[in-house]
Amino acid sequence: VTFNNVRTMEQLAQRVAKNMKFDEKDFLQACDTVLTREGFAPEEFSAAFFPDSYEFYWNSTPQSVVEKMLKYYRKYWDDEKVKKARSMGLTPVQVSTLASIVEEETNKIDERPKVARLYLNRLDKGMKLQADPTLKFAMNDFTIRRMLNEYLKTESPYNTYKYDGLPPGPIRIVDKKTLDAVLNAPMHDY
């Protein structure tokens with residue numbers, strides 16, 4: 001099973017189930033069972049996955065697939081990275097949430113650390129993030145190219161023009177490189 005560029009859990013379920021004996025609904029139910037047990041809230045589920053290639057027997061249970069993918073999450077979030085996130089005042093899920101915004105903000109990998117620091121600076125100052133990608137997610141329309149004033153009134157906890165801090169969870173499944181960009185964002189005053 002290989003996937004990248006996945007925004008929603010439904011898209012992930014489609015990609016995973018395509019090559020498995022179970023269907024998308026079974027995968028999402030397994031996520032609900034396994035990830036809830038592991039302490040993830042439903043809006044945080046996408047933080048538990050990374051774009052990559054995974055090997056499973058085609059007849060693996062959806063629970064065993066989710067559990068195996070969760071092992072990659074635990075391996076990435078070793079004690080050092082968890083400690084680094086905490087020193088920034090963030091949890092691993094919050095780092096994933098911020099990384100998801102950064103990843104939607106720019107396709108240029110070399111810009112991501114700088115963009116990450118911009119948002120970290122806003123968080124540190126208690127400013128609203130005012131991130132267009134979160135508003136696109138709130139509106140469930142990723143085709144929007146220009147934010148209109150009327151969009152800024154969208155009622156959603158993902159509307160970072162309206163609400164302070166990070167949204168309740170990631171707006172996409174993020175690459176490990178983007179997580180690293182957040183954790184190692186260079187200091188600047190943007």
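Read along the sequence, the order of elements here is β-α-α-β-α-α-α-α-α-α. That gives eight helices and two strands; helices (H or I, at least four residues) and strands (E, at least two) are DSSP runs, numbered from the N terminus. Before going on: this is a predicted model, where local features need pLDDT of at least 70 and side-chain atom pairs count only at pLDDT 80 or more, while totals for chains, interfaces and linings use all residues. Residues are numbered from 1 along each chain as its sequence is written, and side-chain values use heavy atoms, with hydrogens and water left out.

Now the overall dimensions. The C-alpha trace spans about 50 × 40 × 30 Å along its principal axes. The radius of gyration is 17 Å, which agrees with the value near 16 Å that a compact globule of 190 residues would have. That radius is taken over C-alpha atoms, and the globule rule is 2.2 Å times the number of residues to the power 0.38. Of the 190 residues, 46% are buried. Buried means under 20% relative accessible area, exposed means over 50%, and partly exposed is in between, with a 1.4 Å probe and protein chains only. Among contacts between residues at least 6 apart in sequence, 65% join residues at least 24 apart; contact means heavy atoms within 4.5 Å.

Next, helix packing. Two packed helices are described by the angle between their axes and the distance between the axes. Axes are lines fitted to C-alpha atoms, for helices over the stretch in contact, and angles run from 0 to 180 degrees between N-to-C directions.

Start with H2 (residues 24-37) and H3 (residues 62-76), which pack at about 50 degrees with their axes 8 Å apart. The two are therefore oblique to each other. For reference, angles under 35 degrees count as roughly parallel, over 145 as roughly antiparallel, 65 to 115 as roughly perpendicular and the rest as oblique. The crossing of H2 and H3 is right-handed: a crossing is left-handed if the near helix is turned anticlockwise from the far one by less than a right angle, and right-handed if clockwise. Residues of H2 in this contact include Asp26, Phe27 and Ala30, and they meet a set in H3 that includes Pro62, Gln63 and Val65. By class, the contact of H2 with H3 has ten nonpolar, one polar and three charged residues. Ala, Val, Leu, Ile, Met, Phe, Trp, Tyr, Cys and Pro count as nonpolar, Asp, Glu, Lys and Arg as charged, and the others, Gly among them, as polar.

Asp26 is partly exposed, at 29% relative accessible area. Its C-alpha atom is 32 Å from that of Leu90, 64 residues apart along the chain.

Then H8. Helix H5 (residues 92-105) packs on H8 at about 105 degrees, with axes 9 Å apart. That makes H5 roughly perpendicular to H8. On the H8 side, Thr178, Leu179, Val182 and Leu183 make the contact.

Helix H6 (residues 112-125) and H8 (residues 176-183) pack at about 50 degrees, with axes 8 Å apart. That makes H6 oblique to H8. The H8 residues here are Thr178, Ala181 and Val182.

Last, the backbone. Most residues other than glycine have a negative phi. Which phi does Asn5 have? Asn5 has a positive phi of about 50 degrees, and it sits in the loop between strand E1 and helix H1. Asn140 has a positive phi near 55 degrees, and its loop lies between H7 and H8. Asn5 is exposed at 54%, and Asn140 is exposed at 61%.
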